[in-house]
Amino acid sequence: MATQEDTHVVAEPRTEFGKGAARRIRAAHKIPAVIYGHGTDPQHVTLPGHQVSLILRKANAVLELSIEGKEQLALVKDVQKDPVLQIIEHIDLIVVRRGEKVEVEVPIILEGESYSGTIATQDTSTIAVEVEATHIPERFVVSIEGLEEGTLIHAKDVELPSGATLVSDPELVVVGITIPAATESEENAEAAEGEAASSDESAE
């Protein structure tokens, strides 16, 4: 996980706007961003591109911004990327305060292997929780080790850290354990082959 030093970012106030200005900012290996929330006027800034790209490898990153000597915590709310080049084009940040709770979507990672002959189908990749802005989990790990056919793990079954509250529907299915339907598919294929053979004989 990122340390306090990793997330401390020096941001520069931005006075130029428009596509041309944004292109110049990105050409200088920086990222245009806007900070809003808590009734404050939107604040436009530029962020160091390489450093912020590394921080964004973690979901729900909170940046400790230094803007002209003033410190500000901000949660990364939205990252806009070029669909082809995957270059970060713009970032939306929300003002947060220490101790304040925020609602975020946290990724779910499956661990282990279900019972032999079964497969685990992950129905959702994230669940929503309310948690302190400075203590957002990087991920939730759900063990499927040895689980048998028919087992369902719901959002309410995911172990949350102290202070976190589930926001998603408790009955939301996270993962289900099933037996592959290969046998049924093979039977259908054989039936189709049989029908084709009968048609050929009739034609003769």
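A pocket, as the word is used here, is an open set of grid points with protein on both sides within 12 Å along at least five of seven lines, and its lining residues have an atom within 4 Å of a point. The model described below is predicted.

## The second largest pocket

The second largest pocket is lined by Ile35, Tyr36, Thr40, Asp41, Gln43, Ile67, Glu68, Lys70, Glu71, Gln72 and Val95. Its volume is about 200 Å³. Three strands each supply at least two residues of this lining: β2 (30-37), β3 (40-48) and β5 (70-81). Sorted by class, the lining of the second largest pocket holds four nonpolar, three polar and four charged residues.

## The chain as a whole

The protein chain has 13 strands and three helices. It counts 204 residues, and 33% of them are buried.

## Salt bridges

The count of salt bridges comes to four. Three of them are described here, beginning with the pair Arg98 and Glu64, whose closest N and O atoms are 3.4 Å apart. Arg98 lies in the loop between β6 and β7, while Glu64 is in strand β4 (residues 62-67), so this pair ties together parts that are 34 residues apart in sequence. The two partners can also be set side by side by accessibility. Arg98 is exposed, because its relative accessible area is 54% and the cut-off for exposed is over 50%. Glu64 counts as buried, because its relative accessibility is 14% and buried means under 20%.

A further salt bridge joins Glu171 and Lys156, with 2.8 Å between the closest N and O atoms. This pair links distant parts of the chain: Glu171 is in the loop between β12 (165-166) and β13 (173-178), Lys156 is in the loop between β11 (152-154) and β12, and the two are 15 residues apart. Glu171 counts as partly exposed at 43% relative accessibility, and Lys156 counts as partly exposed at 46%.

The side chains of Arg139 and Glu138 also meet in a salt bridge, at 3.6 Å from N to O. Arg139 is partly exposed, with a relative accessible area of 44%. Glu138 counts as partly exposed at 21% relative accessibility.

| Residue pair | N to O distance |
|---|---|
| Arg98 and Glu64 | 3.4 Å |
| Glu171 and Lys156 | 2.8 Å |
| Arg139 and Glu138 | 3.6 Å |

## Arg14, a buried charge

Arg14 is placed in the loop between β1 (8-13) and α1 (19-27). This residue is buried but has no salt bridge. Its nearest side chain of opposite charge is that of Asp92, 7.7 Å away.

What does Arg14 touch, leaving aside its neighbours within four places in sequence? It is in contact with Ile25, Pro32, Ala33, His44, Val45, Thr46 and His90.

## Glu103 in strand β7

Glu103 is in strand β7, which covers residues 101-111. With a relative accessibility of 49%, Glu103 counts as partly exposed, because exposed means over 50%. Leaving aside neighbours within four places in sequence, Glu103 is in contact with Lys77, Ala128, Val129, Glu130 and Val167. The C-alpha atoms of Glu103 and Ile136 are separated by 9.6 Å, and these two residues are 33 apart along the chain.

## Two residues with positive phi

His29 is not a glycine, yet its phi is positive, at about 65°. His29 is found in the loop between α1 and β2. It is exposed, with a relative accessible area of 64%.

Gln86 is a residue other than glycine with a positive phi, near 60°. Gln86 is found in the loop between β5 and β6 (88-96). Is Gln86 buried, partly exposed or exposed? Its relative accessible area is 47%, and Gln86 is therefore partly exposed.

Notes
Residues numbered from 1 in each chain as written. Predicted model: local features only at pLDDT ≥ 70, side-chain atom pairs only at ≥ 80, totals over all residues. Heavy atoms only, no water. Helix = DSSP H or I, 4+ residues; strand = E, 2+ residues; numbered from the N terminus. Buried < 20%, exposed > 50% of the residue type's maximum accessible area, 1.4 Å probe, protein only. Lys, Arg positive; Asp, Glu negative; His and termini not counted. Contact = heavy atoms within 4.5 Å. 1 Å grid on protein atoms, 1.4 Å probe; cavity = no way out; pocket = protein on both sides within 12 Å on 5 of 7 lines; lining within 4 Å. Points joined across faces, edges and corners; volume = space filled by probe spheres on them. Nonpolar A, V, L, I, M, F, W, Y, C, P; charged D, E, K, R; others polar.
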